Every structure is written in C-alpha cells, then in structure tokens.
Amino acid sequence: MVSQLFVKLPKISLHNHLEGAIRPETFFSIARQKGINLPADTLEDLLPYIQVTGEEQNLVDFLAKIDRVTDITQTEDVLARVVEEIVEDAAKQNIRYLELRGGPLVHVREGLRPEQVLEAILWGLKVGEQKYGVKARFIVCALRSDAPEDNLNLAKIAAEYKKQGVVGFDLAGDEAGYPAKLHQQAFRLAKEKGLKITVHAGEAAGPESVRSAIMDLGAERIGHGIRSIEDPSLIKLIIERDIALEVCPTSNVHTRAVSSLEKHPIKKLYELGVPIVIGDDDPQISNISLSGELKLLTERFGFSFRQVCDLQLQAVKYCFLPEEEKEDLLAKMEKELSAFD
Ligand SMILES: [Zn+2]
C-alpha cells in the first residue's frame, strides 16, 4: 500500500501509456463479452499474462503484454471507456494534469480509422476531465517499427487534432531494432504544425540513441533517457538545451533497461542537474502508481519529500500545455503544495 501522503500529494503525470493503463478487470470483462480467447478463466489467473511477473527478459517481452491488452481497444466505445477510467484513476491519486499517450495505429486492427481512434480517445479524456476534474491531454505515439510513411501520415492526423487536445508527438516501441532517424520527416512535420516532441530513447539503446532523438527528431523531452548517464557530453547537451528526462524507475527495471533499482541512475542524473520528471509508464502492466513511484524516490533513492514536491512543480514547466495554461496550473500546484510544507 502506498502511504496516503503520496496519494494526497497533487501530482503531474507526463509519461503514461493508454495501452499500459487499462484496468485488468475492464480488460477481463470486455474480452469475455467480445468472446476473445483468453489463456485463463479468472481475472486472478489472467494477471500473469497481462502484468509483469519478473520473467520478462527484455523490452520486447514487456511490450507483448501490452499488445494482448489492445485486443479489446479496437472499437470507439471501448477506447472512450478505458480512457475515461484512466482519468478517473488519475483523479483518485490526485493527479492534477495528465498527459496520456498512445499509438492510434495499434487500435485499428478491426477497421477503425486513426481519426476515429483519436476522436474516441479525446472524447474519453474530455468526459473524464469534466467528471473528475483532472486536466487531461494526449500525446500521439508513432511506433519505431511502423513504416516511415505511415508515421508521416500519423503526424499529419495528430496535428489536425491539436485544438481537441493533442499536445505532442512521440516515438515509442522497439528502440534497439529501429533507429529514430527513420522517422525524421514525421517529426519535422509534427513540429512545424506546433506539436511538442518527446521521444523514447536511452531505454533499450545507448546514449547515441538519445543524441539522435534530440538532433534528428528535435525532442524537447526524452522518454526515460537514463542511459544518457554513460556519456558526459550528452549530459551537457541535455542540460544546455533544457530537455527533461521522463524517468520511470520501476518500469526501467521491468523492461530490463537497468538490472535493479539499486543500479538506477536517477539520483545521479538529478545531482548532475539534468531536468527530470517522474512517470509510471505502464502502471497496470507494472502494477504500480505514480504515487508509489514518488514514494520510491524518498525510500530508495534518498530524495527528500521537499524535492519530490519540487519535481511536481518542475513537471509543470516541462509539460506540453500552452504557456498561459502552464501558469494557471503552476499557481494552483504551488498553492496546493504549500499545504504540505
Ligand atoms: Zn513509455
């Protein structure tokens, strides 16, 4: 159980995947309704197939669990429902701003168009925001293994939904197998159209992958980026360009980006002055929460509670909202956090 202090703390969530945040009970009940073949007959027996067990060897094994969950998210009503539930779950742990992300192209297996996928997701976020009071926006993820022309098209579509709540464009998926540079055109277009850029890098590949995300794709934030620690000149570049690393400690252990929490470089990165924000990545697959990750910072990495509070304010600075909305959010967070002094 995560202590109430960390649950109550107002939080900003900037690295959270739709596909990894679907409630297991929702997956189980919808999969049964749809007649999907499941490897188990009860929710309890199903959990090892959709949550981390410790047996996963690498990022690809981890992603296979996410792939199974997306068997249900192929219709608009299910997409809108799971997204609304994700916002409800965010509200329960006092997340004040959620930047959810997801790959529209993983939800088109039953014939939805990417536009329909995005509209359903944005609808779920809007309803969730109204019902539960969590400001919620969306980052469209391109997958590294998808064809560059498909991602270019995806960037165009993503930009069309800027007014409806798409704030950013991301690259996710098999980092070791597909270089970022393949998708340069898509990212150039997304940036030109006013979307913010974040790229998963330095998770399953080394510093050169992070450098490419920054130099070739124009990343303003890096998903994970923890292997940047291996290259001092890259650390210098990250600080100079004021790029935030979206660090997700438990997920990094689960995907084997680091061998253990003890080996995780988060504190070193922080002490070097690298801007960091904390995410829970795929909380339902990892069976964790953002509150729990923040508690981990104090328990396992020697952060003070004050530093954890300051990281929430820092997250506002690096979020993808327009400046005036950031100012409002910052003022609200400062006021709320002052009650924790
Ligand atoms: Zn991620």
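These notebook entries record what I looked up in the structure.

**Basis.** I worked from a predicted model, in which local features need pLDDT of at least 70 and side-chain atom pairs count only at pLDDT 80 or more, while totals for chains, interfaces and linings use all residues. Residues are numbered from 1 along each chain as its sequence is written, and side-chain values use heavy atoms, with hydrogens and water left out.

I looked up the protein donors (N, O and S atoms within 2.8 Å of the metal, or 3.2 Å for Na, K and Ca). For the zinc ion they are H15 (NE2), H17 (NE2), H200 (NE2) and D281 (OD), at 2.1 to 2.3 Å. H15 lies in strand β1 (residues 11-17) and H200 in strand β5 (residues 196-201), so this pair ties together parts 185 residues apart in sequence. Strands are DSSP runs of E with at least two residues, and helices are runs of H or I with at least four, numbered from the N terminus.

**Cysteines.** I searched for disulfides, meaning pairs of cysteine sulfur atoms within 2.5 Å, and the structure holds zero. The sulfur of C248 is 12 Å from the closest cysteine sulfur, in C141, too far for a bond. For C309 the closest cysteine sulfur is in C319, 18 Å away, again too far for a bond. C248 is buried at 1% relative accessibility, and C309 is buried with a relative accessible area of 1%.

**Helix α15.** I recorded C309 among the buried residues of α15, which also include V308, L311 and Y318.

Note on methods
Buried means under 20% relative accessible area, exposed over 50%, partly exposed in between (1.4 Å probe, protein chains only).
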